[in-house]
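Thanks for making time. I will go through a few side-chain features of this protein, so please look at the model first.

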Amino acid sequence: MIRIDNVSHQIAGQEILRQVDLDIPQGGLTALVGPNGAGKSTLLSLVARLLSLQLGRIEINGQDLQQISHGDQAQLLAILPQVLTSTHRISVEDLVGFGRYPYSRGRLGPQDRKVIAQVLESFELQEVKHRFLDTLSGGQRQRAYTAMAWAQDTEYLLLDEPLNNLDIAASRSLMSRLKSLAAQQSRTIVIVLHDINYAAGYADHIVAMKAGRVVASGPPQEVVNESFLKAVFDTDAKVITAEDRPLVIV
């Protein structure tokens, strides 16, 4: 479990997070949703220690995050941020291999290569593993980056808006794959999403944020309704049920 206790955060004097208290359950897929500027990415960055904690406490599996060494954290938690700096002139297989760095320190061994092969298969990247990233479609490229993070073989995986710039087919494919892999391998995925229907359709748990605060948390079937949309997104929209999941009609 990730426990966030009384966390506040400012950037350039502006309060981004305000006394956030939140427990992210262990296992399955948790979606962070909310309007632009709600603080979702900032919260994810604090959990990953990409930003320094200013006020409050974050625990992972009962351990104070600040007391976990960076080496141990790299084998416990992985993050795929929105802004990726890897050069596109790298093969898919080599990119996925970067995910093994916390274990291999750049010198891949037999176990690392086994994991890489398994991840390439899980993300259906075997046929393109020797291709450079800049020769792939947007969906394939995002799948490759996500596979790199998955190859880090951590209990927790944080994904910041991985569906950006993906079409509906690529988005559905990636969400379905992540949900299945999380269940099969007993991992915890925390994912920032803009589209409430992807969150409602695939997440086991939804956390809604607005103006730096958590305003709702729970299973999609209990959280997503018309009053929720009004309170969180300031919008009027109809919500129906499809295959036991809420669906927003826009």
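Tyr198 and Tyr202 sit 4 residues apart in helix α8 (residues 196-202), so about one helical turn separates them. Helices here are DSSP runs of H or I of at least four residues, strands are runs of E of at least two, and both are numbered from the N terminus.

Some ground rules. This is a predicted model: local features need pLDDT of at least 70, side-chain atom pairs count only at pLDDT 80 or more, and totals for chains, interfaces and linings use all residues. Residues are numbered from 1 along each chain as its sequence is written, and side-chain values use heavy atoms, leaving out hydrogens and water.

Back to the tyrosines. Both Tyr198 and Tyr202 are buried, meaning under 20% relative accessible area, where exposed is over 50% and partly exposed is in between (1.4 Å probe, protein chains only).

Now the cores. A nonpolar core is a set of buried Ala, Val, Leu, Ile, Met, Phe, Trp, Tyr and Cys residues joined through side-chain atoms within 4.5 Å. The largest has 54 residues, and Val92, Ile189, Ile191 and Phe228 touch the most other members. Helix α6 (residues 138-150) contributes the most to this core, with 6 residues. A separate core has 26 residues, including Ile2 and Leu76.

Which residues does Phe228 contact, leaving aside neighbours within four places in sequence? They are Val33, Ile196, Ala208, Ala216, Val223 and Phe233, with contact meaning heavy atoms within 4.5 Å.

Last, Leu247 lies in strand β12 (residues 245-249) and is partly exposed, at 31% relative accessible area.
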